[in-house]
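Work through the exercises below with the sequence and the model open. Each task is followed by its solution.

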Amino acid sequence: MTDEGTKYQTKIFTGVENRKLPQSVDEWMERARSTLTKDAWDYLEGGAGDEDTVHENRSAFKKWRIRPRYLKDVSKRTMEAEFLGQNRESPFILAPIGVQSILHKDGEIASARAAAKMNMPFILSTVSSITMEEIVKKSPEGEKWLQLYPSKDKNIIRSFIKRAEKAGYRAIVVTADTTMLGWRERDLNNAYLPFLRGEGLANFFSDPEFRKRLEKPPEEDLISAIMEFTSVYVNPSFSWKDFKEICSTTEIPVVLKGITHREDVELAFKSGARAVVISNHGGRQVDGAISSLDALEEVTESGDLKGEILFDSGFRHAADAIKAIALGASGILIGRPYAYALSVAGREGIELYLEQVMAEMDLEMGLSGIKNLKELNRESLYRKYYK
């Protein structure tokens, strides 16, 4: 067994050089709020409707309490996890967050490099500020997955997949819950959508199949290229038949992200998904939707599900990861918190934030009598509120 968390604790507790940066998620958030423009902050932090689902994602964790067990030898602990057929140093994955250039000048390059430094997979958004190829060129180390919004144009979908394969991406993460954009009042009030300003379109503007649709290249007619993007970006007719077709298009693992219903999870595995991500898109799509953690509990309740489950939406602290893993998740996607750190201090900020996560996770495990994540199950938790 390794004891990775201890080295991060030592660095954080003794690293005076980082005292100028935040030491808690709330501090990272407040610093990000003060750093970003109002448009960018609201785009990052906002959710659908009155943001009920955003808040529900967090409150769902309060229903579950960890049951610490003592008088166990926890002098050696490991955060090792396994998903997509590989052993990992930790269960953490950097979630896809689009248009990172509005958060920091280094955008996705900083995020990819930080993930590589921490040996965590990095999921690049379809709507990234930098092309998938440039990400690999500027950050060749580390495992990268490509998140894919299913376009109306299947030629574009196939082109994106081929480009990802050629560039060395290790998985395709198809997002199911964004076949149209949610009702986001903050963005409406700000009259702000970064795509309409040409932000986050690098993968489209560089794609040969997308460029075939244009009379003039984006370099010559930006407005027409943006309008063409809006016509093909999302696809309300996307179906299980289309998902199966994507799975059959590639040899690398396909993950389906953005489902919360048990039947959809079963259909995903039957259709060829190697894993699913239980997620409600951080509350950005359906106002009033079930929280991701409640969905995870229902999906895994019977204990007979044949397939790998990853978790997204609402993570803030190590205790959240322990609860989600105890409820059946193999890996945890970190979203907004790392975006806060990116906004505040670029790559340095993300690395420090992730070191804090690892240090906290190690302490939370040790103080709860957990030597390794395989020990976690529903008996590790107590449900505070009953149905």
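**Exercise 1.** Over the ring of which residue does the charged end of Arg 284 sit?

Solution. The model is predicted, with pLDDT of at least 70 needed for local features and 80 or more for side-chain atom pairs, while totals for chains, interfaces and linings use all residues. Residues are numbered from 1 along each chain as its sequence is written, and side-chain values use heavy atoms, leaving out hydrogens and water. A charge sits over a ring if NZ of Lys or CZ of Arg is within 6 Å of the ring centre and within 35 degrees of the ring normal. The ring under Arg 284 is that of Tyr 43, its centre 4.9 Å from the charged end.

**Exercise 2.** Classify the pair formed by the rings of Tyr 149 and Tyr 233.

Solution. Step 1: rings of Phe, Tyr and Trp (its six-membered ring) pair if their centres lie within 6.5 Å; planes under 30 degrees apart are stacked, over 60 edge-to-face, the rest tilted. Step 2: the centres are 5.4 Å apart and the planes stand at 85 degrees, so this pair is edge-to-face.

**Exercise 3.** Is Tyr 233 buried or exposed?

Solution. Buried means under 20% relative accessible area, exposed over 50%, partly exposed in between (1.4 Å probe, protein chains only). Tyr 233 has 5% relative accessibility and therefore counts as buried. Tyr 233 also forms an edge-to-face pair with Phe 195, at 5.4 Å centre to centre and 65 degrees between the planes. Phe 195 is buried too, because its relative accessibility is 2%.
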